[in-house]
Amino acid sequence: MIKILGAVLIVIATSLIGFEVSKKLITRPKHIRDLRAALQILEAEIMYGHSPLKEAVLTLAKQIPAPVSILFTDFAGRLGSANQSVSAAWGESLEVVRKQSELQQKEIDILLQFGETLGRHDRESQQKQIQLALVHLEREEADAVDKQVKYDKMARSLGFFAGLLIAILMM
């Protein structure tokens, strides 16, 4: 009886691990889409709203869901400190959101590169930098969706069957 209970618990545990991996695969493209939408809103705020960077970022944070909104809220808060550059504030905000999102190093690198130019150029140059970041993020989103399609179902199944295999070997 205890062996059966242990086997069931192992199958449940490994299945949950498989579902967690699957959830991460599903969430990553959504976070990248939210980032792309945020950058498009930022572009509109800069180009057409003629808003200062801090106001544009705060407006943007209200329109985008978490965890991407956390990035922009944190960034706006860091822009207020006088002893910190815009790119340093952007980098620290990215580190905060990295822990709360499924963004990978590729997306973080794209955003860090974008952050190096943030607030340093005129509106037209800033628009070109945003467009460049959007193109790179679009490529990463396509890659993330491709991985989701390939590995989502496999991760769930593998979790279940690995637990089943372990349970059978224990019997």
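Modeller: Before we start, rings of Phe, Tyr and Trp (its six-membered ring) pair if their centres lie within 6.5 Å; planes under 30 degrees apart count as stacked, over 60 as edge-to-face and the rest as tilted. The structure holds 4 aromatic pairs. It is a predicted model, where local features need pLDDT of at least 70, side-chain atom pairs count only at pLDDT 80 or more, and totals for chains, interfaces and linings use all residues. Residues are numbered from 1 along each chain as its sequence is written, and side-chain values use heavy atoms, leaving out hydrogens and water.

Biologist: Why is the pair of Phe 72 and Trp 90 called tilted?

Modeller: Their ring centres are 5.7 Å apart, and the planes sit at 55°, so the pair counts as tilted.

Biologist: And what makes Phe 75 and Trp 90 edge-to-face?

Modeller: Here the centres are 5.1 Å apart and the planes are at 85°, so that one is edge-to-face. Phe 75 is in helix H3 and Trp 90 in helix H4, 15 residues apart. Helices (H or I, at least four residues) are DSSP runs, numbered from the N terminus.

Biologist: Which residues of H3 are buried?

Modeller: Val 68, Ser 69, Leu 71, Phe 72, Phe 75 and Ala 76.

Biologist: How do you know that they line one face of the helix?

Modeller: Down the axis of H3, they fall within an arc of 155°, so they line one face; the arc is that of the directions from the helix axis to the C-beta atoms.

Definitions and conventions:
Buried < 20%, exposed > 50% of the residue type's maximum accessible area, 1.4 Å probe, protein only. Helix = DSSP H or I, 4+ residues; strand = E, 2+ residues; numbered from the N terminus.
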